[in-house]
Amino acid sequence: MRKSVAFLTYGNALALQKDALALQKDALALQRDALALQGDALALQRDALALQGDALALQGIAKFNSLRINEMLY
């Protein structure tokens, strides 16, 4: 009877280890996905900043052109 209890305990321990490894695998997959989302968010922020820079450049060009037109009119 003792051998069967020890065997069941050893089997339970192996099952728990298997479950723990599966949970670790899932956790790593979630971390990978989170890092991918962070990368996407950073890329979107980069693109937004580039668009803001373009908008500022266009505003500057428009202002310069407006000043030049005003100078030519006077």
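Colleague: What makes the link between the side chains of glutamate 71 and arginine 68 a polar contact?

Modeller: The two side chains come to 3.0 Å. A polar contact is a pair of N or O atoms within 3.5 Å; within protein, one must be able to donate a hydrogen and the other to accept it, and residues adjacent in sequence count only if both atoms are side-chain atoms. So the pair of glutamate 71 and arginine 68 is a polar contact. A word of caution: this is a predicted model, where local features need pLDDT of at least 70, side-chain atom pairs count only at pLDDT 80 or more, and totals for chains, interfaces and linings use all residues. Residues are numbered from 1 along each chain as its sequence is written, and side-chain values use heavy atoms, with hydrogens and water left out.

Colleague: Why is the pair of glutamate 71 and arginine 68 also called a salt bridge?

Modeller: A salt bridge needs a side-chain nitrogen of Lys or Arg within 4 Å of a carboxyl oxygen of Asp or Glu. The closest N and O atoms of glutamate 71 and arginine 68 are 3.0 Å apart, so the pair counts. Side chains of opposite charge can pair when their charged atoms come close.

Colleague: Where do glutamate 71 and arginine 68 lie?

Modeller: Both are in helix 1, three residues apart, about one turn of the helix. Helix 1 covers residues 2-73. Helices (H or I, at least four residues) and strands (E, at least two) are DSSP runs, numbered from the N terminus.

Colleague: How many salt bridges does the structure hold?

Modeller: Three. One joins arginine 32 and aspartate 33, with the closest N and O atoms 3.2 Å apart. Arginine 32 is exposed at 54%; aspartate 33 is partly exposed at 37%. Another joins aspartate 47 and arginine 46, at 3.1 Å. Aspartate 47 is partly exposed at 35%, while arginine 46 is exposed at 53%.

Colleague: What makes Ile69, Met72 and Leu73 a nonpolar patch?

Modeller: Patches are made of residues with over 30% relative accessible area and no salt bridge; like charges are joined within 9 Å, nonpolar side chains (Val, Leu, Ile, Met, Phe, Trp, Tyr) within 5 Å. Isoleucine 69 has 46%, so it passes the area cut-off. Together the three have about 370 Å² of accessible area (Shrake-Rupley method, 1.4 Å probe; for residues, only the protein chains shown count as cover).

Colleague: What share of the chain counts as buried?

Modeller: Of the 74 residues, 0%. The accessible surface of the chain comes to about 7100 Å², and 68% of that belongs to carbon and sulfur atoms.

Conventions: Buried means under 20% relative accessible area, exposed over 50%, partly exposed in between (1.4 Å probe, protein chains only).
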